[in-house]
Structure formats: C-alpha cells, structure tokens
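Visitor: Hello! Could you walk me through this model, with the cut-offs spelled out as we go?

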Amino acid sequence: MVKKKRLRLIAEMARKIRAYRELKNRPRDSQKYALDYDTMKRPLTGKMLPVLAWTDVRRESRLFSLMAGMRMFGVGRVFTRKSWLEDHTEPSYWQITKVKVDYTAEDMDHGKAWGILTFKGKAEKEVKEVDKVMYHDWRLVPKHIEQQFKDFVPLPDPPVRYVPYPPLLRAMKLARHKQTEGTVLTEEPLLPLEREVVLTKDYFRSQDQGKMVRQETAV
C-alpha cells in the first residue's frame with residue numbers, strides 16, 4: 001500500500017510568506033537603474049557604467065524619460081534607438097501598445113512597455129515587451145516621419161545558394177582534404193544548390209559523346 005504524502009499546511013504557508021517577502025523587498029526598477037550622473041555609478045550596486053556610454057548618458061534619453069511627458073505615456077507612438085539609426089539603413093522601431101508605469105519613481109520615468117517591433121523594415125506579428133528601456137539611446141519619431149517609417153517595403157531575402165553538407169558527406173570531405181592536403185580544413189564546407197556550367201564547345205561536345213555512348217550501349 002502506497003503511503004500518502006502528508007500535507008504540511010504550516011510549512012507550505014511559511015514558504016509562500018517567504019516568497020512574498022522576497023518579492024516585496026525586491027528593488028524596483030527606479031532603484032535598480034538609478035544613476036549618479038556625477039560619478040556615473042549606480043547607487044544600489046556601486047557599479048560604474050562603461051566609459052564609452054558616458055556621452056550617450058549625458059546627451060540621450062531613456063524610453064520612459066520620453067514617455068513621462070507625453071499624452072497617455074506615448075501609447076500609439078513610434079520610438080527608435082540611436083544605435084539602430086547609425087547601424088541600419090532600414091527603419092527599425094517600436095510602436096507602443098501598452099505601458100505599465102512605476103508610480104513610485106520620482107519622475108514616473110520607470111516601468112515596462114509593450115509593443116510591436118519592426119526591425120530592418122520587417123514587422124513582427126506578436127506584441128512583446130520592449131527590452132533595454134533603461135538604455136540612454138531612445139528617440140521619439142516625429143509625427144510627420146512616422147508614415148515614412150511604416151511605408152518602407154523591405155527587399156526580399158536573397159535565395160539560399162549553399163547549405164551544410166550532411167554529416168556523413170561532411171566527414172568524408174574533411175577526411176579527404178586532410179589526406180590530400182595534410183592540413184585540417186578550417187572553413188565549414190558548404191554544398192552549392194546550383195550547378196554552375198560554362199557553356200563552351202567542349203561542354204556541348206562532351207554532351208554529344210555521352211548521348212552516342214548511351215545509344216550504342218542501349219539494348
């Protein structure tokens with residue numbers, strides 16, 4: 001007979017209370033990402049920001065710093081990042097659909113946001129949480145430029161011309177290269193999907209000879 005597991009109600013309640021206290025005592029985003037602009041250190045952890053980020057910290061804004069002064073906290077507006085504008089020619093941006101503000105923050109410039117991401121002109125279908133909201137490189141897209149961002153049509157993806165070799169053929173190719181060259185092949189071998197044929201006289205002559213051989217050997 002299987003012994004029933006004894007339900008320890010007091011221990012289970014104590015576990016839930018400890019989990020609730022840990023959640024309640026967890027530092028909020030306004031405390032976690034607070035920054036001393038004189039020393040460039042976070043007071044909670046004492047860590048200093050990278051030196052390369054100091055210029056952007058002084059000149060650029062965080063996402064919720066822009067949203068705090070906007071109607072409905074920027075829901076429906078389009079935001080992009082400085083790094084995206086510098087690295088990509090295609091438009092990359094977030095269209096905000098939902099905002100959860102941390103009202104305990106001094107200027108209400110912390111919280112969570114959700115939206116639809118369009119990266120390099122390709123929009124995602126599902127709404128997801130905006131990441132890196134604490135970075136100092138967010139910019140608001142003006143109203144008169146929003147439609148230009150949305151009307152962009154991305155170029156189609158180039159066709160796949162090479163694929164990895166199957167495991168057995170890959171092992172055979174690497175072994176043959178090591179046997180003939182005496183060295184290990186550093187680049188990953190790829191299998192071309194298209195057969196490149198140079199249309200010369202020798203090519204057509206070999207094709208005709210192959211047809212003649214097949215006709216002679218046919219039974």
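**A guided look at the model**

Guide: Gladly! Leaving out residues up to four places away in sequence, Arg 81 touches Lys 132, Tyr 135, Asp 137 and Trp 138, where contact means heavy atoms within 4.5 Å. This is a predicted model, in which local features need pLDDT of at least 70 and side-chain atom pairs count only at pLDDT 80 or more, while totals for chains, interfaces and linings use all residues. Residues are numbered from 1 along each chain as its sequence is written, and side-chain values use heavy atoms, with hydrogens and water left out.

Visitor: Is Arg 81 buried or exposed, and at what relative accessible area?

Guide: Arg 81 is found in strand 1; strands (E, at least two residues) and helices (H or I, at least four) are DSSP runs, numbered from the N terminus. Buried means under 20% relative accessible area, exposed over 50%, and partly exposed in between, with a 1.4 Å probe and protein chains only. Arg 81 therefore counts as buried, at 8%.

Visitor: Which side chain makes a polar contact with that of Arg 81?

Guide: A polar contact is a pair of N or O atoms within 3.5 Å; within protein, one must be able to donate a hydrogen and the other to accept it, and residues adjacent in sequence count only if both atoms are side-chain atoms. For Arg 81, the contact spans 3.2 Å, and the partner side chain belongs to Asp 137.

Visitor: Which residue does the side chain of Ser 92 reach through its backbone nitrogen?

Guide: Ser 92 sits in the loop between helix 5 (82-87) and strand 2 (93-101). It counts as buried because its relative accessibility is 2%. Beyond four places in sequence, Ser 92 touches Thr 80, Trp 84, Thr 118, Phe 119 and Lys 120. At 2.8 Å, its side chain reaches the backbone nitrogen of Lys 120.

Visitor: What is the phi of Lys 120?

Guide: Strand 3 (residues 111-119) pairs with strand 4 (residues 122-123) in the antiparallel sense over two bridges; two strands pair if DSSP finds at least two bridges between them. Phe 119 stands opposite Lys 122 in strand 4. The two strands form a hairpin with two residues between them, and Lys 120 in the turn has a positive phi of about 55°.

Visitor: How many bridges pair strand 2 with strand 3?

Guide: Two of the facing pairs are Val 99 opposite Ala 113, and Val 101 with its bridge partner Gly 111. The strands pair in the antiparallel sense, and the number of bridges is eight.

Visitor: Which residue in strand 2 stands opposite Phe 79?

Guide: Strand 1 (residues 78-81) and strand 2 are antiparallel and pair over two bridges. Opposite Phe 79 stands Trp 94.

Visitor: Which residue in strand 5 stands opposite Gly 115?

Guide: Strand 3 and strand 5 (residues 128-129) run antiparallel and are joined by two bridges. Facing Gly 115 is Lys 128.

Visitor: And the whole chain: what is its radius of gyration?

Guide: The protein chain has eight helices and eight strands, and its C-alpha atoms fill a box of roughly 90 × 75 × 40 Å along the principal axes. The radius is taken over C-alpha atoms, and the globule rule is 2.2 Å times the number of residues to the power 0.38. A compact globule of 219 residues would come near 17 Å, but this protein chain has 31 Å.

Visitor: What share of the 219 residues is buried?

Guide: Arg 81 and Ser 92 are among the buried residues. For the protein chain, the share is 21%.
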